[in-house]
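Here is a short briefing for a first look. Keep the sequence and the 3D view open while reading.

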Amino acid sequence: MDAPSVLTPQRNAGQKASEGDRMTEDVPMILVMGACGVGKSTIARGLADRMSARFIEADDFHPADNKALMAQGIPLTDDNRWPWLDAIAADAQSRPGLSVLACSALRRVYRDRLRLTCRPMPIIHLHADADLLKARVAARRDHYMPPSLVQSQLDTLEPPTEDEMACILPAFDTPADIVARASGFVIRHLDRASIPAAVRD
Ligand SMILES: Nc1ncnc2c1ncn2[C@@H]1O[C@H](COP(=O)(O)OP(=O)(O)O)[C@@H](O)[C@H]1O
Ligand SMILES: O=C(O)[C@H](O)[C@@H](O)[C@H](O)[C@H](O)COP(=O)(O)O
């Protein structure tokens, strides 16, 4: 198995869009990000179990209008995404303790938006090529996301940069392997106080 590709952590640069915007306490959150079908929900759920953390599914926070657009094969705009991201952050903030979020968070500015309140925010970036993503999305039933949106997701994707405390993992490994590597990365990079005692000790 290849070693995970690790980007150097740097907690502050780019992480606070504006101190003045912050209204309440920061909460730690692990972001599992990437394009549709890459395995965010599967891995984030497993990682939350492993980390004794709360699982948050970003899809649950899309307004019905956003889901209707995507179901028609229309990519979301930034304006469609801001209220969605803010609702996710507000939910994370509403309960103390570590959470694991499954969220595309494709652009740097979206992650900056989450980091207004969700900090520290280590990132697991799942990576796969278009063919694997299309196959997974096409095989999924009862989901609004069509395979035709995979390319737009990849075109929009801005991989995390060196200051974002991120780890890139290939999405074709088994979920158990990905979760094991992701939890190792998080435990090495997250400050001790943010890790639940059951995992830390
Ligand atoms: N590591 C994996 N190996 C094989 N199949 C996977 C893996 N991760 C996810 N899947 C499957 O791929 C599909 C998309 O996964 P999902 O977690 O819904 O992705 P996302 O949340 O990124 O859209 C699901 O059918 C899921 O069971
Ligand atoms: O920002 C977006 O364009 C959407 O959030 C999108 O990235 C997300 O992927 C969909 O909600 C589909 O859900 P899955 O990612 O679970 O397929």
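Helix α3 (residues 78-93) and helix α4 (residues 108-115) have axes that come within 9 Å and cross at roughly 30 degrees. The model is a predicted one.

**Helix pair**
- Angles under 35 degrees count as roughly parallel, so α3 and α4 are roughly parallel to each other.
- The crossing in which α3 passes α4 is right-handed.
- From α3, the contact draws on Asp-78, Arg-81, Trp-82, Leu-85, Asp-86, Ile-88 and Ala-89. They meet Val-109, Tyr-110, Arg-113 and Leu-114 of α4.
- By type, the residues of this contact are 7 nonpolar and 4 charged, with no polar ones.

**Ligand 1**
- Ligand 1 is surrounded by 14 residues. The closest are Gly-37, Lys-40, Ser-41, Thr-42 and Arg-140.
- The side chain of Arg-140 has an N or O atom 2.8 Å from an oxygen atom of ligand 1.
- The backbone takes part too. A backbone N or O atom of Gly-39 is 3.0 Å from an oxygen atom of the ligand. For a polar backbone atom of Val-38, the distance to an oxygen atom of ligand 1 is 3.3 Å.

**Backbone features**
- Most residues other than glycine have a negative phi, and most peptide bonds are trans.
- Ser-52 has a positive phi, near 50 degrees. Ser-52 sits in the loop between α1 (40-50) and β3 (54-57).
- Arg-119 and Pro-120 are joined by a cis peptide bond, with omega about -10 degrees. Pro-120 belongs to the loop between α4 and β5 (123-127).

Note on methods: Residues numbered from 1 in each chain as written. Chains lettered and ligands numbered in written order. Predicted model: local features only at pLDDT ≥ 70, side-chain atom pairs only at ≥ 80, totals over all residues. Heavy atoms only, no water. Axes fitted to C-alpha atoms, helices over the stretch in contact; angles between N-to-C directions. Helix = DSSP H or I, 4+ residues; strand = E, 2+ residues; numbered from the N terminus. Parallel < 35°, antiparallel > 145°, perpendicular 65-115°, else oblique. Left-handed = near helix turned anticlockwise from the far one by under 90°. Contact = heavy atoms within 4.5 Å. Nonpolar A, V, L, I, M, F, W, Y, C, P; charged D, E, K, R; others polar. Near = heavy atom within 4 Å. Polar contact = N/O pair within 3.5 Å; in protein donor to acceptor, adjacent residues only side chain to side chain.
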